[in-house]
Amino acid sequence: MRTFISGIGVHVPPTVSVDEAVDRGWYPIDEAKSGQLRGVAVAGDTPAPELALRAATQAFERCGRKPTDIDLLLYVDAWHQGPDGWLPHHHLQRRLVGGAPLAAELRQGCNGMFAALELAARWLPTGRHGAALLVAADNFGTPLVDRWRTGPGFIAGDGASSLVLTREPGFAELLAVRSVTMPELEGLHRVGEPVFPPGVTTGRRMELAKRATEFKKLAAGRADLMGVWLSLYTTMLDTIEPTLADAGISLADVRRVAFPNSTRPVVEQRWLAALELPLSMSTWDFGSGIGHISASDQVIALDHLLAAGELDAGDHVLLVGIGPGVTVSSAVVRIDRRPAWV
């Protein structure tokens, strides 16, 4: 069963410039110079579920479908959404889609939208309406996160993205999606932190850069871990190549590539170098001005390319992501027609 994209919606809050962050002492000047990032989207006190609602509403407005005519709602997030014990997807059900569709939260880190794509593509053939809503949202403006120093290689941005997937043709088609997990690197996002009690109950900050540094020290003394660590970006190629094959294309057929919004050295030296692609093929220039908006980066980039008129019918876009696990994911989207809202 083929899977189409009928709607896409995003909400990117106003940005704070890196120059201002450096002046205020929030962001180290040496990192600003080396990373060449320009700014980050900051949502203030707007809750993540409200950001999600705005993105989802736009996706439905653009595709012309009724929000109540979906079979599945997948809500993707990487950070706390509200009170403990409360589920954010029910907020969207009450405000937008109603109680009929199966709704679930996916806590898959920055790769959550790829997992949502895989799950929704398998669910669509069984649904009555043949439609699914995927939405991702996060607001990192809390005391337990320093967005400017969370890293490594990125600044945490706020925002939301949404896709309406359908069995019926839309403006684009999801040709393939694939994920590979390297569980040997599970400790990358944990080392140096107790598993219990959770950090939110003790007031410990989420410091991914610090954990990565601790993991690298650990890996340096263990040949098995170091080998897996060094093979991380080889695994990226092992994920992308079969995804392209599943889509029936080669890398030469790809018009643009969207990676996680990271510093220029990360995008150039880790992602693009492995694929032997120029920076102009990526969406780095756009992403460097809004920050790493967790699971939304690739969808927001796709929306930007469409709105900027940089994609035409027949173009293929490769989406690539990485998240805790460590999970590496990729997807291929083909643009079938310019959407009416462009």
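The model is predicted: local features need pLDDT of at least 70, side-chain atom pairs count only at pLDDT 80 or more, and totals for chains, interfaces and linings use all residues. Residues are numbered from 1 along each chain as its sequence is written, and side-chain values use heavy atoms, with hydrogens and water left out.

**Overall build**

The chain holds twelve helices and eleven strands. Helices (H or I, at least four residues) and strands (E, at least two) are DSSP runs, numbered from the N terminus. The radius of gyration, taken over C-alpha atoms, is 19 Å.

Of the 342 residues, 53% count as buried. Buried means under 20% relative accessible area, exposed over 50%, and partly exposed in between (1.4 Å probe, protein chains only). Contact means heavy atoms within 4.5 Å. Among contacts between residues at least 6 apart in sequence, 78% join residues at least 24 apart.

**Cores**

A nonpolar core is a set of buried Ala, Val, Leu, Ile, Met, Phe, Trp, Tyr and Cys residues joined through side-chain atoms within 4.5 Å. The largest has 41 residues; Leu 318 and Val 320 are among those with the most contacts inside it. Elements giving two or more residues to this core include α9 (232–247), β10 (316–323) and β11 (327–335). A second, separate core of 34 residues includes Leu 74, Phe 114, Leu 117 and Ala 172.

Leu 318 contacts residues including Ile 240, Val 257 and Ala 331, leaving aside neighbours within four places in sequence. Leu 174 sits in strand β8 (residues 172–181). At 8% relative accessibility, Leu 174 is buried. Among its contacts, not counting residues up to four places away, are Leu 117 and Ala 331.

**Backbone features**

Most residues other than glycine have a negative phi, and most peptide bonds are trans.

| Cis peptide bond | Omega |
|---|---|
| Phe 196 and Pro 197 | about 0 degrees |
| Gly 325 and Val 326 | about -10 degrees |

Pro 197 lies in the loop between β8 and α6 (199–202). Val 326 lies in the loop between β10 and β11.

Gln 36 has a positive phi, near 60 degrees. Gln 36 is partly exposed, at 36% relative accessible area. Glu 276 has a positive phi of about 55 degrees. Glu 276 is exposed, at 73%.

Conventions: Rg over C-alpha atoms; globule rule 2.2 N^0.38 Å.
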